[in-house]
Amino acid sequence: MNEVRIAIFVFFCLTAASLGALFSYQRLPEHQRLDDTQKVLHLIANIFVVMTSLVLGLMITSAKSRFDGVNQDVHSYATELILLDRMLFLYGPEASETRQKLLVYAERAANGHWTAEGGLSDKTSERMIEDVGTGLRTLEPNRDPQLSIWNDMREQYRKVLELRWSLVEQAEGSLPRPLMLMVVAWLVLIFAIFGFRAPRNAVVVTGFVAAAALIGGAIYLIVDMDVPFEGPIQVSPAPLQRALTEMRR
């Protein structure tokens with residue numbers, strides 16, 4: 001998973017920056033270890049602490065908004081599947097085969113099969129939903145009520161397709177990689193400055209390692225939230241499972 005690699009990368013970068021500055025301090029020339037140097041460096045660190053906090057806040061807001069939007073789309077998708085199933089039921093026995101195809105697709109969707117590796121459409125699911133459309137086109141309404149329902153089903157099927165492809169397109173992350181690299185660079189600078197002239201003892205070393213791990217974990221959760229169908233924070237399939245239960249009734 002890219003999120004895990006990003007978190008590990010951040011952890012090692014921050015740990016290396018802080019401990020590198022901590023243990024290389026004594027090797028610097030005397031004029032580079034003055035108190036004035038430390039004061040200037042801490043002023044620089046304060047600037048980037050504020051900027052990093054703001055950007056991380058924006059990243060959290062963006063990821064949360066995206067997650068909530070996808071979650072809402074999943075609820076809407078479940079509703080549209082139920083409505084299409086009800087229309088097929090109202091159409092009559094002629095639509096029973098198409099209704100069964102829709103049920104098979106709903107079972108796969110309820111199990112979380114949205115995308116293939118790399119964020120592409122799952123071909124099996126795509127073929128299943130296309131079979132439903134083929135079944136709709138083969139129906140031949142022969143009286144007024146069926147014709148009206150058939151037209152409604154075609155429109156409903158179009159809505160289902162639109163929502164499905166919308167969900168597929170939203171499966172990939174949207175956080176810009178350059179922005180992520182810039183934030184990591186700022187954090188590396190901050191940790192390196194904090195490690196400058198810090199006491200060389202086990203407590204300080206443990207604190208730097210723990211802080212690096214926690215920040216890496218926080219970035220992991222932000223990136224994971226931005227990828228709504230993977231990882232520990234993902235959109236619940238419960239709406240689709242409830243829809244499947246309704247369709248089986």
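A salt bridge here is a side-chain nitrogen of Lys or Arg within 4 Å of a carboxyl oxygen of Asp or Glu. R158 and E155 meet that rule through their side chains, at 2.5 Å from N to O. This pair is taken up again below.

The model is predicted: local features need pLDDT of at least 70, side-chain atom pairs count only at pLDDT 80 or more, and totals for chains, interfaces and linings use all residues. Residues are numbered from 1 along each chain as its sequence is written, and side-chain values use heavy atoms, with hydrogens and water left out.

**Overall form**

The protein chain has eight helices and zero strands. Helices (H or I, at least four residues) and strands (E, at least two) are DSSP runs, numbered from the N terminus. In sequence order the pattern reads α-α-α-α-α-α-α-α. The radius of gyration of the protein chain is 27 Å, well over the 18 Å that the globule rule gives for 249 residues, so the chain is more spread out than a compact globule. That radius is taken over C-alpha atoms, and the globule rule is 2.2 Å times the number of residues to the power 0.38. Along its principal axes, the C-alpha trace spans about 95 × 25 × 25 Å.

Of the 249 residues, 41% count as buried. Buried means under 20% relative accessible area, exposed means over 50%, and partly exposed lies in between (1.4 Å probe, protein chains only). Contact means heavy atoms within 4.5 Å. Among contacts between residues at least 6 apart in sequence, 82% join residues at least 24 apart.

**The nonpolar core**

What is the number of residues in the largest nonpolar core? This core has 61 residues. A nonpolar core is a set of buried Ala, Val, Leu, Ile, Met, Phe, Trp, Tyr and Cys residues joined through side-chain atoms within 4.5 Å. The residues with the most contacts inside this core are M59, Y77, L81, M153 and L240. At least two core residues come from each of helix 1 (2-24), helix 2 (35-91), helix 3 (96-110), helix 4 (123-138), helix 5 (144-169), helix 6 (177-195), helix 7 (202-225) and helix 8 (238-248). Helix 2 gives the largest share, with 15 residues. M153 touches L84, M87, L88, Y91, L136 and L139, leaving out residues up to four places away in sequence.

R197 lies in the loop between helix 6 and helix 7. Its phi is near 65 degrees, a positive value in a residue other than glycine. Most residues other than glycine have a negative phi. R197 is partly exposed, with a relative accessible area of 28%.

N201 caps the N-terminal end of helix 7. A side-chain oxygen of N201 lies 3.1 Å from the backbone nitrogen of V203. Helix 7 has 24 residues, which at 1.5 Å a residue should span 34 Å. Its end C-alpha atoms are 34 Å apart, which agrees. The expected span is 1.5 Å times one less than the number of residues. The buried residues of helix 7 include V204, F208, A212, G216 and I219. The buried residues of this helix pack against helix 1, helix 2 and helix 6.

**Salt bridges**

The count comes to 10 salt bridges. Three of the pairs are listed here.

| Pair | Distance, N to O |
|---|---|
| D85 and R99 | 2.8 Å |
| R158 and E155 | 2.5 Å |
| E246 and R249 | 3.1 Å |

The D85 and R99 pair links distant parts of the chain. D85 is in helix 2 and R99 is in helix 3, 14 residues apart. Are these two partners buried or exposed? D85 is buried, at 1% relative accessibility. R99 is also buried, with a relative accessible area of 19%. Leaving aside neighbours within four places in sequence, D85 is in contact with R99, L102 and M247.

R158 and E155 are three residues apart in helix 5, so about one helical turn separates them. R158 is partly exposed, at 39%. E155 is partly exposed too, at 35%.

R249 counts as exposed, at 68%. Salt bridges that share partners join D85, R86, R99, E246 and R249 into one network.

Definitions and conventions
Polar contact = N/O pair within 3.5 Å; in protein donor to acceptor, adjacent residues only side chain to side chain.
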